[in-house]
Amino acid sequence: MKIVWESGGKSNFCCRSLLRWIWIPQMKGEPRKFDPKFRGPIHNRHCTDIICCVIFIVVILGYIALGVVAWVHGDPRKVIYPTDSYGQFCGQRDTLNENKTILFYFNILKCASPVVLINLQCPTTQLCVSKCPDRFATYIDVQASYRYRPDQWNYFRQFCKPGFNNPRKSVAQVLRDEDCPSMIIPSRPFLKRCFPDFSTKNGVLTVANQTTFKDGRGKTRNVTDLREAANGINNVLDARSVGMKIFEDYAISWYWILIGLFIAMMLSLLFLVLLRFTAGVLFWIFIFGVIGIIGYGIWHCYWEYDHLKGIPGSDLTVYDIGFQTDFKVYLQLRQTWLAFMIILCGVEVIIILMLIFLRNRIRIAIALLKEGSRAIGYIMSTLFYPIVTFLLIAICISYWAVTAVFLATSGEPVYKVMANQTLCKYANLTCDPETFNTTNVTKLCPGAQCTFAFYGGESLYHKYIFIFQLANAFVFLWLVNFAIALGQCTLAGAFASYYWAYRKPADIPLWPLFSSFGRAIRYHTGSLAFGALILAIVQLIRVILEYLDHKLKGTQNSFTRFLLCCLKCCFWCLEKFLKFINRNAYIMIAIYGKNFCTSAKEAFFLLMRNVVRVAVLDKVTDFLLFLGKILVAGGVGVLAFFFFTQRIPVFAQEVPMLNYYWVPLLTVIIGSYLVAHGFFSVYAMCVDTLFLCFCEDLERNDGSTAKPYFMSASLHRILGKKKLSPKKAVGQ
């Protein structure tokens, strides 16, 4: 079987290419034929993976249709506004509740926790009111004094059902029908709901400086009966206070935060430029530093081993003393230090041998890093492409979030029977509030009411809400992975144009980044969508596994936990592998313009033929870029720390007064790391692209006049190949 390098051609369908993947003649050394006129990324291209492209476009149109349907049926006010027992929004315009923006609970003692209150699951009547109660009062006391204290009745009845104004109705009937609450207590609004106004006095929990209250049913109760709810509410209120202070800090320090991020951007650019000159120095300093540290560890272990000689008990073995929880016991044994010394000697020998046998590949990796810095210097626009990717992902996240909210609020009001009696057989059954009073439920279950429970429905659309949410999440993952793939393919095409330029920078095409972006969109949308689809499926499976693990937590047996753990681990590894394959496949797509499966296959085999170089390059690149991120984030973080703590005398008067100086400080540190990561991701893509081009260059050309190398002069010298042609040397 012969593998021919094509410069274009009609796209094969993904699955057909996937079947051909099984055959691996290239691994057996079969010679490959190349196009002698090849000079970099193919410009005469054809559309690839057309069927995948069509499916992708259809899915996008369907996603838009799903958003429209969700927008028609959904109502975000169900999330923003609280809803009373009749399914009406509190504070909704042009309704009777327009000026009643707060939700009031008749008997808050029936609500176990704030979470229950927020989720509208509390089995008590809920009413929209204009303000929360500011005093203690019970219906019994108000009814008894309404003749000579009508003002108390007028105040109390605003917390009764609308239209109720019959203080002569017996207390038992009022409480049974829940026309009015049995008692009201001083409250304050939070999340547009009335919560008891808890406070502490001398370490004692109080409500309006009182430790007891009447429950309106003839009992005097202690406010500690609300302790469970009080603890949760106070924690939330404290969090709200902290949140307000954090917001204030952001409001007065945002200008300095932006300055810090700008400094991080400049430092990132400077680090990338300096890598051209310092990549080798930084790497070798680190390597020799590690060798020195391990050498010191060996000496220290020998010193401890010799120092313990003759001390009673030091010659015992680990087996003799058995398992000990105090690790210091083992440090008193000579055998422990001997084992440490042997392990460190082994690590030292391995590192030295790797440096000896892999020294040439390490030099190649460092040369590629320097070449990557030079390539970015010629195509500076690539450094700002991550902004495009960020905007695309931000659009995807926004559309997904809005669609999810509208889907979640697409239901119709569902009413259920709320009964005080636990043995009521009608409890939690759906009901119709308009006809509820004509049924016999109230007779069989005294005090039962038909109250609003949640939003749902029985229509076909409402039955498949969960499926729509799942589809929303899946398409979101697909689009995000496509945006990332588009960025990787675009950058790969631009950097490949640099490598395959025979005379640099004279032969670099004009606007390489924009040209590469246009090729990726015009010809390879299907291929990028296909790679993103595979990754999105695996990620969705991981999300489902995490969801199942969360839902089944506490009810799993050992085997189930083990199985879920294995599945999560396997799919995590699979996702990492697919990201590696996709990344290199997009590079081959950017260069040769073939479909996804063919590009992935050729990239995989090319990397396998250079597996040692791949490993060395990845580790060297990871180390230097990680070092760069730490230097940028750490340097800007130290500067921000001295600034916000007023330790820089020159700027002491400019520092804003903050509640928490760590708020802008952490924001600057995290933001600086993300800025550095954005710039260095471009650099990593550049190095990966140049490496694949370098491997192709070695297999395609031999350095002769007919087949000259396209690599830089430094890489050429490291390989010890034939001399470059005069024109090539001048171009470098």
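Visitor: Which kind of crossing does H20 make as it passes H21?
Guide: H20 passes H21 in a right-handed crossing. Keep in mind that this is a predicted model.

Visitor: How do you know that the length of H21 agrees with its number of residues?
Guide: H21 has 39 residues, which at 1.5 Å a residue should span 57 Å. Its end C-alpha atoms are 55 Å apart, so the two values agree. H21 is also mostly covered, with 28 of its 39 residues buried.

Visitor: What about H2: how far does that helix reach?
Guide: Helix H2 (residues 50–73) has 24 residues and reaches 35 Å from first C-alpha to last, close to the expected 34 Å. Its buried residues are Cys52, Phe56, Tyr63, Leu66, Gly67 and Ala70.

Visitor: Why does Asp49 count as buried?
Guide: Buried means under 20% relative accessible area. Asp49 has 1% relative accessibility, so it counts as buried. You'll find Asp49 in the loop between helix H1 (14–20) and H2. Its phi is near 50°, a positive value in a residue other than glycine.

Visitor: Then why is Trp511 called exposed?
Guide: The cut-off for exposed is over 50%. Trp511 comes in at 56% relative accessibility, so it counts as exposed. Trp511 also has a positive phi, about 50°, although it is not a glycine. Its place is the loop between helix H15 (465–499) and helix H16 (512–523).

Visitor: What makes you say that both faces of strand E1 are covered?
Guide: In E1 (residues 102–105), Ile102 and Phe104 are on one side, Leu103 and Tyr105 are on the other, and all are buried. In a regular strand the side chains alternate between the two faces of the sheet.

Visitor: How do you know that E1 and E2 pair?
Guide: Two strands pair if there are at least two bridges between them. E1 and strand E2 (residues 126–129) have 4 bridges, in the antiparallel sense. Within E2, Val129 is the bridge partner of Ile102.

Conventions:
Residues numbered from 1 in each chain as written. Predicted model: local features only at pLDDT ≥ 70, side-chain atom pairs only at ≥ 80, totals over all residues. Heavy atoms only, no water. Left-handed = near helix turned anticlockwise from the far one by under 90°. Helix = DSSP H or I, 4+ residues; strand = E, 2+ residues; numbered from the N terminus. Buried < 20%, exposed > 50% of the residue type's maximum accessible area, 1.4 Å probe, protein only. Expected span 1.5 Å × (residues − 1).
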